[in-house]
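Visitor: I have a new model open and would like to learn how to read it, feature by feature. Could you walk me through it?

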Amino acid sequence: MKKAEEIINAKLSLLKIIDEFQLEISRGDNLSDVFQNLTRRALELTASEYGFIADVRRSPAGDPYISILAYSNISTDADVTRFFDQYGRSGLEFFNLNTLFGSVLITGDVVISNDPANDPRRGGLPKRHPALHAFIGLPLTHGGEVLGVLCLANGREGYAEDMAEWFQPLLNVCSQVLLGLRNSRKEKEVETRLQRQSSYIHLLKTLIHIAEEASTFDAGLQAFLKEICVTLDCALGVVHRVDDSGTCLIPAGIAYQNIPDLTAPTMVRAQHAIFASGEGLAGRVWESGQPLWQENVWEDERFVRRLEIAESGAGHSGFAFPISMNNDFLWVVQIFTSDIREADPELLDVLMSAGAQLQLMLERKLLARSQAVLSTILCSAEDAIIGVDMDGRVTSWNLGAERIFGYRQDELLNKSLSVLIAPGREEDAARILEGIRGGDTIKFETQGVGKNEEVLELALTLAPVLDAACGQVGATMIVWDATGWKQRERELLKTRIEANAASRAKSEFLAHMSHEIHTPLNSVLGFAQIIDRDPRLLPQHREYVARIMDGGNQLMRLVDDILEMSKIDGGESQLYNQAFDLCGMVDRITTSIRNRCMLKGLDFFAEGLEERPLWVYGDEAKLYLALTNILSNAIKFTEQGAVLLRVEQKPHEMFRFEIIDTGKGIPAGQVEKVFDPFEKLGEVGLSKGMGLGLSISKKHIEAMKGRIEVQSVESKGTQVTIELPLKRFGELPSQNADSWYFKKPLAWKGLRAAHTGKFDPASFSQLSEILESLGIAVQHIENIESPEVMEKPGVDMVFLDLDETGPAAAGLIRTLRKYKVFKNILIVILASSKNQKLGEVCREAGTDLVMEKPVRVKPLLSLFDKEYDLPLDFLKKTAGRQSVSQDREVDLEQVRLPSSVMETLKAAASSYNFTSFERGLDAIANDDQEHKLAQYFRDLIRSYDMKQINQVLEFLSKMGPPPTT
């Protein structure tokens, strides 16, 4: 009877607990207090020491965990009690489900353990946790899903199996409440997400509108930054850009401060900071190229240290994203808040999209402006600009084309371009079509025909037109009407021929007169010297003879100067450039001039040029003559004092020569006349020359790309300054020679190559194109291990495609190297970047070279240089397919120089005598290919590259002399 009464009282107590729970819920009491009261009452009802009620939630990854709604504080430790008081009400969370209460969640069943110490489901107890003697876990379920758990521990008499059934009414009510909480939470989350998405959509639309309306990128970015800060209630926005050197991020001068009175110096200092790659929020975005969110910028030690400020008490979040243009990383946009905010990847995606839209809109505007400018240029151009498709049909036609040919655009659209080429020029029409389909850029002259059937002289340039994917879609042809120019050219040629004939007649006359004057004059001077040596000659007569000799020498110099002036004026005076020691030349001049100064009682000084010897490249004779003439004039017009020669080496291989005297000087109004022919500024009695020396010197200096000037003060003296470029010998770079292309340079060796492995048409085609351009025959061998090939390979090199062969390649190479016939055969591995490690294994197995695909010609040339002892450096400079005109392509297979010519050229090259070498080139221009080779050598001469000349001669020597017929 007593037992039944206890059961009835317990059920009444349970019903009372349910009533009180429902009442508190219906009144809208604080849920934390409601569940705390429920936990306390359940503990009292079951005589348990402690317990908790928890809600089941899921992580972003979908894994379940327990979030405590209410609990009894079980700690007797003061620190732990304070921890529970501080964080308990905001929700304790447990992710480890390998526990007794975790078993309730995992299985969805009631878990009762009256001997927890030996229960395998037990997960252990935290530090200072009271002993666990009994446990019951009751699932709160709905529709088979566990919504939460009610766990009690240390019941006075343990827990019976029927307790779950007895507690079921309370569990049902709790489950309904948890279900309502879950639904409410979901609705709130959905509502929050929708509000956030709506605001983000509005932000994105606004930013896109800003991009569309912005006139410049900077203006768009400034408005862009302001809208973000205002809409998201952020404190500061600042933009950094990559500096010109590409080494750091610097302020772009674009910032927006949304909160005037900032609480921390971070916001202000961030506007002016400079970041290296990986440094701070901006530097990490630059390094990764991805947007980043920093929930608290103070957690970034490098950020704080970079700004050189102490950590603030207030927290600030920061997020940043990159903006690029034309695939180049250019800007980082940083946004800082005045509070701590959780990372929002969705917002970063929106801002990245908005940044991309800003970039895209501005690129479109730039493109539209460029197209408008291009359209204006096309319409206003005097030349014809014609667009054609891949079949040579006209697709566009400007006003210049209409003016030249007379056709309107609608008359020629979709018509063949060949209608514009004159009859008899079908080869030129075919060449244009071939250039269009080959994607070549070509320039040549031809004859065209207009609508009125008038024949036109045309100069045209053809260039390919590519689409966004770099695929060719047609070509553009620019045509210049050269009819008038050709007529003027013919007239000028006729005039030039007549002028050259007159100049040659004058030169021949002067040369003839020079000879006619020299002959009797030499006799006069010769006999005057004989008479002067006669001891019987009276002093008066000896003076007469001296005057005869002096006048004769003046006349001889006058004839030579007039002849040189005639050559200069007629363009027949040539420069003979060669290497010479500038210090040695100056020393010879100094010795001669010093003796002449001593005879006249003058001092002479020479300064500069401490580096000895100083080898330069130029016309030594003409420079010597110019300096001697100017120094002679200085001595002539200086009666007392000194003459100074100063030589200075300036930057950029420029030399400065100064001749200073303390003579009578030149009147201010006559300085400009110093270099005029036959101009004598001194008194006739003192000046024995004819006034040609300085004029000739000036023309020689200018012919050598130098300049000469005079400064003079009357009665004080004169300074003549020469500035002349002289290349330092041994430091002479190659210039024009790199624009040449050598066809089949190794054909004479008869080398043969094999491509082995599974046949890949693309790989084989690329390899064969490169090898055949060098003159090496290539074939494909499917199975190189076949008995026939192993016995007689018939090749000099083997190319093994690692991507097709795979890991078996190393074993194959070891097998091949075991055979004697493969000892001297080159083995080259072709591997993509993903197989580079396997390529290194093949290198250790005995391969000669591992090449990364696609195949490049320069590594092959380096290998051939080493294996075949060939100087191929000059080929590396012109290696690969070249976009050069046909007149700069040399087929070395057809070039064989005779031994005598080779010896002449090698002798001149070894002594670095450019003048003799250039003269020797006349002997090798016998046919088209040798003529091109001679022009190639002349390009090397113009760039003073004797090193490369010697390499080419060595290569040609190994090719051998031409075959005898």
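**A hairpin to start with**

Guide: Let's begin with strands S5 and S6, which make a hairpin with two residues between them. In the turn, Gly143 has a positive phi of about 60°. Keep in mind as we go that this is a predicted model.

Visitor: How many bridges join S5 to S6, and do they run parallel or antiparallel?

Guide: The general idea is that strands of a sheet pair through backbone hydrogen bonds, either parallel or antiparallel. Here S5 (residues 135–142) and S6 (residues 145–153) run antiparallel, joined by eight bridges.

Visitor: Which other strand pairs with S5?

Guide: Strand S4 (residues 111–113) does, in the antiparallel sense and over three bridges. Val111 sits opposite Gly137 of S5. S5 is also mostly covered, with six of its eight residues buried.

Visitor: What about the hairpin of S22 and S23, how many residues lie between the strands?

Guide: Three, and Ser715 in that turn has a positive phi of about 70°. The two strands, S22 (residues 707–713) and S23 (residues 717–725), run antiparallel with seven bridges. Val713 stands opposite Gly717 in S23.

Visitor: Now the parallel sheet. In what order do its five strands come?

Guide: Read across the open sheet and you get S27-S26-S28-S29-S30, with parallel pairing. S27 (777–781) and S30 (849–852) are the edge strands; each has a single partner strand, so one side of each has no neighbour in the sheet. From one strand to the next, the twist averages 25°.

Visitor: Over how many bridges do S26 and S28 pair?

Guide: Four, between S26 (residues 752–756) and S28 (residues 797–801), in the parallel sense. Thr756 has Leu800 in S28 as its bridge partner.

Visitor: Let's do helix against helix. At what angle do H17 and H18 cross?

Guide: Roughly 20°, with the axes of H17 (residues 582–600) and H18 (residues 620–636) coming within 11 Å. Angles under 35 degrees count as roughly parallel, so H17 is roughly parallel to H18. The crossing is right-handed. By class, the contact of H17 with H18 has 10 nonpolar, two polar and five charged residues.

Visitor: And how do H18 and H19 cross, left-handed or right-handed?

Guide: Left-handed. Their axes cross at roughly 145° and come within 9 Å, H19 being residues 693–703. On the H18 side the contact residues include Leu625, Ala626 and Asn629, and on the H19 side Ser697 is one of them. The residues in this contact divide into six nonpolar, five polar and one charged.

Visitor: Is Ser697 buried or exposed, and what does it touch?

Guide: Ser697 has a relative accessible area of 1%, so it counts as buried. Setting aside neighbours within four places in sequence, Ser697 is in contact with Leu625, Ala626 and Asn629.

Visitor: What does Val56 touch?

Guide: Val56 is in strand S1 (residues 50–58) and counts as buried at 6% relative accessibility. Not counting residues up to four places away in sequence, Val56 touches Pro64, Tyr65, Leu105, Val146, Leu147, Gly148 and Arg182. For a sense of sequence against space, Val56 and Phe94 are 38 residues apart in sequence and 10.0 Å apart C-alpha to C-alpha.

Visitor: Zooming out, how many helices and strands does the protein have?

Guide: There are 30 helices and 31 strands. Of the 965 residues, 43% are buried. Among contacts with a separation of 6 or more, 63% are between residues 24 or more positions apart.

Definitions and conventions. Residues are numbered from 1 along each chain as its sequence is written. This is a predicted model: local features need pLDDT of at least 70, side-chain atom pairs count only at pLDDT 80 or more; totals for chains, interfaces and linings use all residues. Side-chain values use heavy atoms; hydrogens and water are left out. Axes are lines fitted to C-alpha atoms, for helices over the stretch in contact, and angles run from 0 to 180 degrees between N-to-C directions. Angles under 35 degrees count as roughly parallel, over 145 as roughly antiparallel, 65 to 115 as roughly perpendicular and the rest as oblique. A crossing is left-handed if the near helix is turned anticlockwise from the far one by less than a right angle, and right-handed if clockwise. Ala, Val, Leu, Ile, Met, Phe, Trp, Tyr, Cys and Pro count as nonpolar, Asp, Glu, Lys and Arg as charged, and the others, Gly among them, as polar. Two strands pair if DSSP finds at least two bridges between them. Buried means under 20% relative accessible area, exposed over 50%, partly exposed in between (1.4 Å probe, protein chains only). Contact means heavy atoms within 4.5 Å.
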